[in-house]
Amino acid sequence: MQWPERVYRAALRCYPSEFRDEYGGEMLQAFRDQWRDTRGPRLCVALMADVAATAPKEYGRVLMNDLRYALRMMRTSPLFSAAVVMTVALAIAANTAIFSVVNAVLLRPLPFGAPDRLMWVAERNDALHIPTFGASLLNYLSWKEQTQNVALAALGSVTFSLSGSGDPEQFAGSRITPSLMPVLGLQPLSGRTFRDDEERPGAPAVAMISEGLWKRRFGRDPAVVGRTVNLNGVPTTVIGIAPPALAVLTGGDVWVPITIDPAHEIRLNHVVNVVGLRKQGVSIEQAQSEMDAVSARVGRQYPEVNDWGIRLVTFRHWFVNDQLETALLVLLCAVVFVLLIACANIANLLLARATAREREIAIRTAMGATRGRLLRQLLAESLVLSLLGGAAGLACALWAVRLLDRLLPANLLPVPDIGVDARVLSFGVFATVATGLLFGVAPAWQAARTDINAMLKQSGRSAIGARSRLRNGLAATELALATVLLVGAGLLVQSLMNLERARLGFAPQNVLTFQLALPPAKYSRDVKGPAFYRQLLESLRALPGVRGAAISSGIPFGAGNYTTSPFAAVGPSVLPPDTAVPINWRIVSPGFFRTLEIPLVRGRDFTEADNARDVPVIVSQAAARRFWGADDPIGRVIRRPNDTQMMTVIGVVGDVRDTALNQESPAIYYPSAARVWPLMDVVVRSEAGPEALLPGIRQKVRELDPELALATVRPMEEWVSGSAAQPRLNAALLMVFALLALVIAAIGTYGVLAYSVTQRTREIGLRMALGAPAGRVIRLIVGEGMLVGAGGIVAGLAAALAITRTIGGLLFAVPAHDPLTFGGVAAVLAIVALAACFVPARRASRVNPIVALHDD
Amino acid sequence: MTARRSPSDPQRVPLALLHILLAVADRERHGYAIMQDVRERTGGAFKLGPGTLYGSIRRLLEADLIEEIDERPDPAHDDTRRRYYRITSRGRKVAVEETARLAKLLRHARAVGLAPKTV
């Protein structure tokens, strides 16, 4: 054979096998004739072009034939097809929906100019075990002067009362340095951003507002830029509308420049968060070593901060905490498990059907269909099923994502919205195709290698043996995966129940909370502010139905100020001398503990007579234990490091869960008579139904100051349940997925046994004809099914033992290997498997031996 | 291939298919003979490659416009590997309709001066 013929023969392999088998020889002959008559390079080129043009066409034709055949097969068994399509649709919808959340939170870049180079520049104090903390404005200024490779900006939160156009209203907002917008790489939607000279004291008051505020409060007025509004009693010019991305970082609706007056700042006052943008090409390690050098220099210059350093945290880690990341990945794994179970189940259905189609396949083989051809045809069938299911699933997912976006509590995820983008769609399509291949390959392979001689002789024993092993294995796998899911869901549900049972340390029932922001221009923090609140609380307590009213700088679980500072005991202590411990502190009014029913364990509550001079404090039991062990803390003294002010303990109160249900933290309380914050939480306890008091409360506030607005009005119970929103969502979603998995797996087990009973009708009939009682037949079938079931459950428990360790961080007061959960899940699955076995077993026991033996 | 472009549709017989129908209209031919006939008849302007030829033959067979014959009409070139094809009555009908359509098209083209008066 000459080389041109060899090349052409090789080129013929580009055609589908059917076409090659039919015309390959002819084409080769035509080639030889042609080569004989007109050999030459031009012919070579023409022939190759001919192959390149016609081979894909032939493939397209074969594919269309396969698909047409697959659709015809689907129509012949509509129930089966519908079951498969629906299963795939459910699994794909769940997967795509969860993936869209994962995509929004973990994969999609944050909506900033260069999100990979953005960092939180946090202060840290190793001696006090504070890994990350806000920064002081003076430190920010010093860092800014000395860094070369990182552009810095600062932001602090603040509450605004907006008046002058419409009812007075309160907004959360931020003070930001003019450098923040360029550091984040953001542009205002309209107007301009702050200029550098606007952070100097005495600069004219300017503000940016959010798009939402512009729409809501100003009715999309295009002339809002340049308008003057009254912010906290100060006439302020609106200079721009901020992009939504700014609120992803800062939250809130109003932004004003931070005015920095170095003469009035304290270097230890950690009041802002600093963000930094690394220069292009600078790694985070390089930036960290530069910042280490900077903070060391600042520490030498200002000894009061020499134990504070800098820790750079990537935006990604700042925005997405480990718990959220774990929770999302766990949910993603859970839905993938559901998908795998669905695949195993469909594979099992297809295997059962392959048996029914054995004759059809045998005939096609006998007529010359090759194994590859059959394999491709059967795969085309499963792909058509999965594509139909996937299309339905994607449609459901689009709807589910919109629903999720609306139903998820705000602030649960650190992203503005969850959406379906190209990546989510590709994921859905990929998952669909993978699903079709996954559930199609094993049955197609099994069917295609059917021994046709045996089959046509109606005694395909060996093939049936292999197939039933495969079917049992698939059913066991389904049960194993369902076991893992149920164990995970069980652990999370128990954690949730523990969280909701967790002793709060206070009684949230019948308590209404709201926030008030006194304009600092009008109310001084140490005289007029406290006096206002004294008056307000007196008039609130006089309202009928009110059992108590009080204020705090931050109520438990609330939106108020969370303040942690180092404190050290003066005099005898269980700690080494001068050991500072980070402790949450709050400002509270007299009656705060009574109003929230926090028990006063020793000593006394604050009175209106307590003031700034003696600085009496009340400590929580945990704080008292920390400093003085079992000793009586009354009369003991504490202070802040680097501060000469001594504080005397006058009372001890019960511990309160403050920030999260799974976290009990020591606390120190200051009297509000000495000083209040610009933003304070007010709590009002009523006899019943606290919302009914709201009109009366608004009236009292208006009587005292008509410019003041109530903000964040909410029952205390809502704050508490809101803090469990994420665990509740995790547990609920995982439970749904686990139940879905359980149902599919149960159907799978049932399907395997029901099929096996049908197959063995003859054998069972023979047994019964030989005198086996119905009870023994039931035991035989159930025993066989339970062997598969037990295998699956044991494998699942072993896998769960290995896997649940990873969700340890999400658990509260439940060990990851909780024997009760594992035992309970095993029992539930065993019962479900038993039920799935029992139905076919009963049917087997009713086999009429005569009919069974005649059958066939 | 969609039903719209089926060769049995007289309005839309692709050129390659029509050429093959013409080649097997007067006598049975094998594949290479068809290629030669088409090339000679078009003066080398229209050349069928083997892939195009047999793809078209498969379509014509499926549409029942040509048929494969069992006897070998050309004993001189008796070669078991060669298969011979000839036009069916249905194929003849389709070819006639298609050429009539083309003839009509040519008349229209002449009428507006888009084609020479004589070929």
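Trainee: Where does A:Val433 lie?

Mentor: A:Val433 lies in helix H14 of chain A. Helices (H or I, at least four residues) and strands (E, at least two) are DSSP runs, numbered from the N terminus.

Trainee: What am I looking at overall?

Mentor: This is a predicted model, in which local features need pLDDT of at least 70 and side-chain atom pairs pLDDT 80 or more, while totals for chains, interfaces and linings use all residues. Residues are numbered from 1 along each chain as its sequence is written, chains are lettered from A and ligands numbered from 1 in the order in which they are written, and side-chain values use heavy atoms, with hydrogens and water left out.

Trainee: Which residues form the nonpolar patch on the surface?

Mentor: A patch takes residues with over 30% relative accessible area and no salt bridge; nonpolar side chains (Val, Leu, Ile, Met, Phe, Trp, Tyr) are joined within 5 Å, like charges within 9 Å. Here the members are A:Leu387, A:Val429, A:Val433, A:Leu437 and A:Val441. Together they have about 370 Å² of accessible area, by the Shrake-Rupley method with a 1.4 Å probe, where for residues only the protein chains shown count as cover. Helix H14, residues 422-448 of chain A, gives the most to this patch: four residues.

Trainee: Which residues is A:Asn103 in contact with, leaving aside neighbours within four places in sequence?

Mentor: Contact means heavy atoms within 4.5 Å. A:Asn103 sits in helix H4 (residues 78-107) of chain A. Its contacts, those neighbours aside, are A:Arg108, A:Asp421, A:Arg423 and A:Val424. A:Asn103 is buried, because its relative accessible area is 0%.

Trainee: Is A:Thr806 buried or exposed?

Mentor: Exposed, because A:Thr806 has 53% relative accessibility. Look for A:Thr806 in the loop between helix H24 (774-803) and helix H25 (819-845) of chain A. From A:Glu500, A:Thr806 is 306 residues away in sequence and 23 Å away in space, C-alpha to C-alpha.

Trainee: How is chain B built?

Mentor: Chain B has four helices and three strands. Along the sequence the pattern is α-β-α-α-β-β-α. Of its 119 residues, 42% count as buried. Chain B exposes about 6,800 Å², with 53% of it from carbon and sulfur atoms.

Trainee: How do I read the interface of chain B and chain A?

Mentor: The size of an interface is often given as the accessible area lost when the parts come together. Chain B and chain A bury about 1,800 Å² between them, summed over both (1.4 Å probe). Of this area, 46% is on carbon and sulfur atoms. On chain B, 20 residues are in contact with 20 residues of chain A.

Trainee: How many salt bridges are there between chain B and chain A?

Mentor: Three. A salt bridge is a side-chain nitrogen of Lys or Arg within 4 Å of a carboxyl oxygen of Asp or Glu. A:Glu22 forms a salt bridge with B:Arg83; their closest N and O atoms are 3.2 Å apart.

Conventions. Buried area = accessible area lost by both parts, 1.4 Å probe. Buried < 20%, exposed > 50% of the residue type's maximum accessible area, 1.4 Å probe, protein only.
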